[in-house]
Amino acid sequence: MRPSAIAPIVALLALAPGLALAQAGPAPAAPPASAAPASSAPASAAPPPAGFAYDPPGSAHATGGKGFSDVSVFVPGMRFPIEQPKAFANSQVWGHGGSSGPGGGQCDAQNYAYPWHDNFCEARAYKTPMCPAGNGHQGQDIRPSSCVKAHWLAVAAEAGRITQIGSYTVYLTADDGRMFRYLHLQMDQLKVRIGDRVERGQPIGYVSNNFGKTPTTIHLHFEVKEPVTRDGKSLFTFVPPYSSLVDAYQRLLAGAP
Amino acid sequence: VSGPPPRYPSRAWPPRRYPLSRQAFPPPRRYPPPAWPPPPAFPPPRRYPPPTFRPAPPPPDPAADGAVPLPIDWPAARRAARAPDNQMRLSGAAVFAAANRGDIDSLYLPLLLPGDPGLLAGARLFVHGDFFTLSLTDRGMSLVLTGHARAFPVSDGAAGQSPAGGLAAAIPADGVVIEPGEAGLDADFSRFGAVYGVSLQCEDLDQDPRCRDEGYIRGLISGLTVVLPAGEG
């Protein structure tokens, strides 16, 4: 959370304890507070949409890792990266149909149900400096509304420019310098090309299972990289997107994405 | 051949003396001066506008998005840019740098380019004042190189989540953080006070050594060409 945004958020929490949304899981935690600009703050303060529930940030539920439990909203005011609800943030590896999951297929109903699970710091070998273990998943997996590939649109989280399209990744460099990476889209049906200017919420492509030679489950792997600084050290690295996604999803559900 | 010089018949010697003629020579003919074309009229000296130096970067508004400027060590960047090895690489990047000179001059941080001129053939540069993104593809590999002259402060709460030692502990002695991931291989580092990142993704993630081993990306970073905006070089 940006220092400049801490004070108003603390005040907001103090004045509106009912802001907390329905949460699942045993560990009560402070809800992700909205650090969104004033224009979108009222949407965050709206009553929680019925039915939506999420595990606290950093919850180790079914991810096998020690999570990032701070409630910082790293991308205030971000547009939820899938156009329409519902969407389900959870693990592909530890969920049904995953290699470490309880069995079943990827379209199991439990994969398409709340609560959300944070899997930014899921147990992986990927170096992730912001995770307590130093390793993690570097992004958040999000299943679209239904288990159908190339049907649900991924959209721009912020206004910016499409700066690269890899084999299964679209790079969006936002006007504030953040880099959003969208993985596993249907690459032959993209809505953008390299160099395109996109506005916040503009369609980028369809959520799919593209992963090179071996398809993955139908989901969007969503990453945020940004330059961060602390104690005189600076690094361009992955930041936890979960709280920002919860905040953005609340606004989407409330009709003010 | 030695010996005395050959003797020639002396019949014509000494030369016959002729009386000087008393006839007056005509006066020397006076030629008009050559009709040289007039010297070209030099145009008046061209008046160049006074040099316009790029204005100092405007101080970012912390209230806008919370990011703070990173202090750029321009003297160090100049030394690196003028180093012989960089000058040699710079010649390979000359075409790209010339084609993008306007964009480069709008940057508030040193631009870094791959040292292999072949990589720059189809590269695209996107600039935004205090950050840039360079993207290219090469034989089944996509590359994104980005640099930033400002950064977002990490809050106390977020910093407390990092491994012991915080951000500093995550940065190894050589300053290059290698981040293999789902999409390929990333490497992030700081230079001249700015932060930079390289992201590689390969069509064949499992087999292409450029995305599998650290050697390629480390070599790419160590061989980057430093290009300075006008006014900073």
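## Before we start

A contact here means heavy atoms within 4.5 Å. Helices (H or I, at least four residues) and strands (E, at least two) are DSSP runs, numbered from the N terminus. Axes are lines fitted to C-alpha atoms, for helices over the stretch in contact, and angles run from 0 to 180 degrees between N-to-C directions.

This is a predicted model, in which local features need pLDDT of at least 70 and side-chain atom pairs count only at pLDDT 80 or more, while totals for chains, interfaces and linings use all residues. Residues are numbered from 1 along each chain as its sequence is written, chains are lettered from A and ligands numbered from 1 in the order in which they are written, and side-chain values use heavy atoms, leaving out hydrogens and water.

## A sheet in chain B

Helix H9 (residues 214-222) of chain B lies across strands S5 (141-148), S7, S8 (184-191) and S9 (194-202) of chain B, at about 30 degrees to S8(B). These strands belong to an open, antiparallel sheet of six, in the order S3-S4-S5-S9-S8-S7 (chain B); two strands pair if DSSP finds at least two bridges between them. S3 (124-127) and S7 (177-181) of chain B are at the edges with a single partner strand each, so one side of each has no neighbour in the sheet.

S3(B) is joined to S4 (residues 131-138) of chain B by four bridges. Across from B:Val127, the bridge partner in S4(B) is B:Phe132.

## The largest core

A nonpolar core is a set of buried Ala, Val, Leu, Ile, Met, Phe, Trp, Tyr and Cys residues joined through side-chain atoms within 4.5 Å. Buried means under 20% relative accessible area, exposed over 50%, partly exposed in between (1.4 Å probe, protein chains only). The largest such core has 52 residues, and A:Phe80 and A:Trp116 are among those with the most contacts inside it. H3(A) gives the most to this core, with six residues.

## Aromatic pairs

Rings of Phe, Tyr and Trp (its six-membered ring) pair if their centres lie within 6.5 Å; planes under 30 degrees apart count as stacked, over 60 as edge-to-face and the rest as tilted. Over all chains there are 16 aromatic pairs by this rule. A:Tyr182 and A:Phe222 make an edge-to-face pair, 5.5 Å centre to centre with 75 degrees between the planes. A:Tyr182 is buried, at a relative accessible area of 0%, and A:Phe222 is buried at 0% relative accessibility.
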